[in-house]
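Please examine the structure shown here with attention to its side chains.

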Amino acid sequence: MSFSAATTSRLKSQKKRHLNKDVRKLMTGLVSQREAARILGINRKTVVRKFRFLAETAKSELHEENKQLPPAVEVEFDDLETFEHTKYKPLSVTLMVEFKTRRILGFEVAQMPAKGKLAVPARKKYGYRPDHRGQARKKLFSNMTELVHPNALIRSDSNPTYPSDVKRYFPQAKHVTVLGGRGAVVGQGELKKLKWDPIFSLNHTCAMLRANINRLIRKTWCTTKKPSELAGHIALYALEHNRRLAATL
């Protein structure tokens, strides 16, 4: 009598563990959960369970794999905007990447109030929506202190709320702000109409997020229903993104 090799594995209760790799590839390749179920010939609920299982540990794995590499000496960060259920409920994804390699160091998802022409009808329909972007940014910076070199060069756009947070968590770093440009048609509006984009590594990564995660496409009906599911999906893609980049080096 002996124990199974899967006794101590995270996969021990899964009957179709061989499909995990396929689900990961589809979920990070612009395929919806429903379409993934059709492609694999399995029930949609199975895809949902596997997606949540894979996403559950992806963020910790992302952090641990980044810790194994030298601290980044040049990084860029900014916010990518999307929404949950309706554009009246926007979400912000604060993202930090390493310059040149485009390695994703970390991210945080936060709710934010609607702005512009959507602000008034959004408040009328759903009431006041708190802005949690500042809290999310501080949480991200707190986690990034061990992945970013103390004397790093940090670039971002000219958002007036950024400098104080950078100074608090990276007091010895050099923070450079740049003016943002108009979005180009290519790159889902994330790439800019500039001869030279000073935060190209970040904008290119944001464009790749929109190109590989179906719920982030500018015009899509695969919308996010829960911010936690969006965070899991981004973590899953970020892990694959970094591994693919590492494989090409």
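This is a predicted model: local features need pLDDT of at least 70, side-chain atom pairs count only at pLDDT 80 or more; totals for chains, interfaces and linings use all residues.

**Charged pairs and aromatic rings**

A salt bridge joins the side chains of Lys 59 and Glu 108, with an N to O distance of 3.1 Å. Lys 59 is partly exposed, at 33% relative accessibility, while Glu 108, at 6%, counts as buried because buried means under 20% relative accessible area. Lys 59 also lies over the face of Phe 107, 4.7 Å from the ring centre.

Helix α3 takes part in another contact of this kind. The side chains of Glu 65 and Arg 243 form a salt bridge at 2.6 Å, N to O. Because Glu 65 lies in helix α3 and Arg 243 in helix α8 (residues 227-248), this pair ties together parts that are 178 residues apart in sequence. Glu 65 is partly exposed, with a relative accessible area of 28%, and Arg 243 is partly exposed as well, at 34%.

A further salt bridge connects Glu 76 with Arg 155, at 3.3 Å from N to O. Glu 76 lies in strand β1 and Arg 155 in strand β4 (residues 148-157), so the contact ties together parts 79 residues apart in sequence. Glu 76 is buried, with a relative accessible area of 0%, and Arg 155 is also buried, at 11%. Salt bridges with shared partners join Arg 24, Glu 240 and Arg 244 into one network. The whole structure contains 15 salt bridges. Arg 155 has an aromatic contact too: its charged end sits over the ring of Phe 99, 4.6 Å from the ring centre.

The aromatic rings may now be considered with one another. There are 5 aromatic pairs. In one of them, the ring centres of Phe 77 and Tyr 162 are 4.7 Å apart and the planes stand at 55°, so the pair is tilted. Phe 77 lies in strand β1 (residues 72-84) and Tyr 162 in helix α6 (residues 162-169); the pair therefore ties together parts 85 residues apart in sequence. Phe 77 is buried, at 0% relative accessible area, and Tyr 162 is buried, at 1%.

Phe 141 and Phe 170 form an edge-to-face pair, because their planes are at 70°, with centres 5.6 Å apart. Phe 141 is in helix α5 (residues 133-144) and Phe 170 in the loop between α6 and β5 (174-178), 29 residues apart. Both residues are buried. Ring pairs link Phe 77, Phe 141, Tyr 162, Tyr 169 and Phe 170 into a cluster.

Terms used
Residues are numbered from 1 along each chain as its sequence is written. Side-chain values use heavy atoms; hydrogens and water are left out. Rings of Phe, Tyr and Trp (its six-membered ring) pair if their centres lie within 6.5 Å; planes under 30 degrees apart count as stacked, over 60 as edge-to-face and the rest as tilted. Helices (H or I, at least four residues) and strands (E, at least two) are DSSP runs, numbered from the N terminus. Buried means under 20% relative accessible area, exposed over 50%, partly exposed in between (1.4 Å probe, protein chains only). A charge sits over a ring if NZ of Lys or CZ of Arg is within 6 Å of the ring centre and within 35 degrees of the ring normal. A salt bridge is a side-chain nitrogen of Lys or Arg within 4 Å of a carboxyl oxygen of Asp or Glu.
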